Every structure is written in structure tokens, then in C-alpha cells.
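Let's take a friendly walk through the charges and contacts of one protein model. Please have your viewer ready.

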Amino acid sequence: MSRVALIDDHESVRLGLELACERANACTVVFSGSTVGEYLEWRASTGSTPADVVVLDLTLGDGTTVTENVGALVGDGASVVIHSVADRPAAVREALAAGAAGVVSKSSSLDDVLGAIRTVSRGEALNNVEWASAVEGDRAFADAQLSVRERDVLRLYATGLPLKAVADRLGVAYSTAKENITRVRVKYVEVGRPAPTKVDLLRRAMEDGIVASDGATSAG
């Protein structure tokens with residue numbers, strides 16, 4: 001069962017999510033608080049391992065920025081799901097660029113929120129309406145300027161093929177395929193959208209329309 005931390009400066013929201021987790025036996029809430037700083041202090045004082053998933057309010061009342069909060073949590077070893085009213089696409093994009101695994105609206109049902117937690121705790125990319133609306137039409141966010149070959153390698157690799165199989169499929173050397181994936185990662189870092197893991201690469205490929213939202217390869 002996944003270990004979850006809830007960070008929101010509205011106590012009623014946290015209590016509602018905690019109760020939903022308990023009733024559904026979907027996750028164990030190991031921390032509930034109003035700031036990222038409180039969570040990190042709890043980690044330090046208890047010696048507890050990072051939560052598998054942190055459900056984070058987009059805007060907290062302590063003056064911290066979205067990038068600071070998401071970056072601190074991801075750097076500490078947790079996956080982050082933004083739980084937001086989702087009416088600030090620029091802030092949502094900032095959170096995704098900082099490494100958040102996805103976003104789920106506060107208007108969503110509790111079942112949808114729990115489903116998002118389960119998805120992210122399995123290491124899978126979270127792709128939903130709120131996520132799509134945040135990136136739609138934002139070319140500065142979506143365009144890492146990948147070459148045709150880099151897109152081909154990413155498309156096959158991100159959807160599950162081992163790198164050697166990707167090389168065989170494209171008729172190139174393994175070293176060439178590996179170099180392409182390295183360049184893809186560098187380019188995503190350069191536009192503020194790091195993709196250190198294969199799941200991250202799949203998420204970026206879906207963002208850029210290289211892979212369909214269901215994980216199927218796109219023809220483009």
C-alpha cells in the first residue's frame with residue numbers, strides 16, 4: 001500500500017482526503033500538514049523514508065513558489081500530484097516543469113483523486129483532462145525541438161521497447177540509439193522539463209504528441 005503525504009493549507013481538504021484513503025483502504029497517510037517545510041521537518045525529525053506520493057496544493061499560504069515546493073519534494077525522493085482548482089494553467093505548467101507527476105482538480109471526485117495517487121505510486125504517467133488543458137497550445141512548454149530520428153527513438157523507447165530493440169527496429173547501432181536518448185534528455189533539461197527516467201520520457205512524449213495519451217505510438 002502506498003505511503004502518502006498531504007500538503008494543503010486548508011485542513012478540511014486534508015481531512016477529507018485522509019478519510020477517503022482510510023475508507024477505501026487505498027493508501028496510508030503518513031503526514032498531513034500545511035507546508036512543504038513542515039513535511040521536510042517531519043522527515044528529518046522522524047527519520048522516516050520519503051512518502052511514495054505527495055498530494056500538494058498548487059498555492060500555499062507561506063509565500064513559497066510552485067517550483068520551490070515541487071523541486072524540494074521531488075529532490076527529496078517523492079512523486080508529486082498537484083491537487084488544485086486547476087484554473088491557473090501557467091502555474092500548473094510550472095509544477096509539471098519542476099517535476100510533478102501530474103495534476104488532479106479539486107473538483108474531481110475522491111475516487112478520481114485516489115485513482116491518480118494509485119497511478120503515480122505505480123510509477124506510471126498521469127494523463128488527464130487537467131494535465132492536457134495545462135499544456136495545450138503552449139509551444140514554449142511543449143517543444144523540445146527534437147530531430148526526426150530523436151522522435152523515432154523516443155517513440156519506441158518510451159512505449160516499452162528496450163534500447164537494443166529500438167536500435168534493431170530502426171536499423172541503427174545500439175550506440176546510436178543510446179546517443180539519441182541522451183540527446184533527448186539533454187534537450188528536455190534545456191527547456192526546463194527534465195526526464196531522468198523512462199516514465200518521465202513517456203510523459204514528455206505524450207506531452208509533445210509523439211505518443212498518444214493511451215501510450216500507443218503516434219504516426220507523427
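Predicted model: local features only at pLDDT ≥ 70, side-chain atom pairs only at ≥ 80, totals over all residues.

**Helix H8 and its neighbours**

Helix H8 covers residues 148-158, and its buried residues are Glu150, Val153, Leu154, Arg155, Leu156, Tyr157 and Ala158. These buried residues pack against three helices: H9 (163-170), H10 (174-190) and H11 (198-207). After H8 comes Gly160, which has a positive phi near 125°.

**Salt bridges**

Across the whole structure, a search finds 9 salt bridges. Three of them are set out here.

| Pair | Closest N to O distance |
|---|---|
| Asp200 and Arg203 | 2.8 Å |

Is Glu150 buried or exposed? Glu150 has a relative accessible area of 2%, so it counts as buried. Arg183, at 33% relative accessibility, is partly exposed.

Glu179 is partly exposed, at 46% relative accessibility. Together with Lys187, the residues Glu150, Glu179 and Arg183 are linked in a network of salt bridges.

In helix H11, Asp200 and Arg203 are 3 residues apart, which means about one helical turn separates them. Asp200 counts as buried at 13% relative accessibility, and Arg203 counts as buried at 5%.

**Arg204 in H11**

Arg204 belongs to helix H11 too. Its relative accessible area is 2%, and because buried means under 20%, Arg204 is buried. Leaving aside residues up to four places away in sequence, Arg204 touches Leu96, Tyr188, Arg193, Pro194 and Ala195. Tyr188 is 16 residues from Arg204 along the chain, and their C-alpha atoms are separated by 8.2 Å.

Helix H3 (residues 66-75) contains Asn69, which is buried at 4% relative accessibility. Which residues does Asn69 touch, not counting those up to four places away in sequence? They are Val36, Leu56, Leu60 and Thr64.

Glu68 is also found in H3, but with 47% relative accessibility it counts as partly exposed. On the surface, Glu68 gathers with Glu38, Glu41 and Asp62 in a patch of negative charge.

Terms used:
Residues numbered from 1 in each chain as written. Heavy atoms only, no water. Buried < 20%, exposed > 50% of the residue type's maximum accessible area, 1.4 Å probe, protein only. Helix = DSSP H or I, 4+ residues; strand = E, 2+ residues; numbered from the N terminus. Contact = heavy atoms within 4.5 Å. Patch = residues over 30% accessible without salt bridge, like charges linked within 9 Å, V, L, I, M, F, W, Y side chains within 5 Å. Areas by Shrake-Rupley, 256 points an atom, 1.4 Å probe, with all protein chains shown as cover. Salt bridge = Lys/Arg side-chain N within 4 Å of Asp/Glu carboxyl O. Lys, Arg positive; Asp, Glu negative; His and termini not counted. Charge placed at Lys NZ, Arg CZ, Asp CG, Glu CD.
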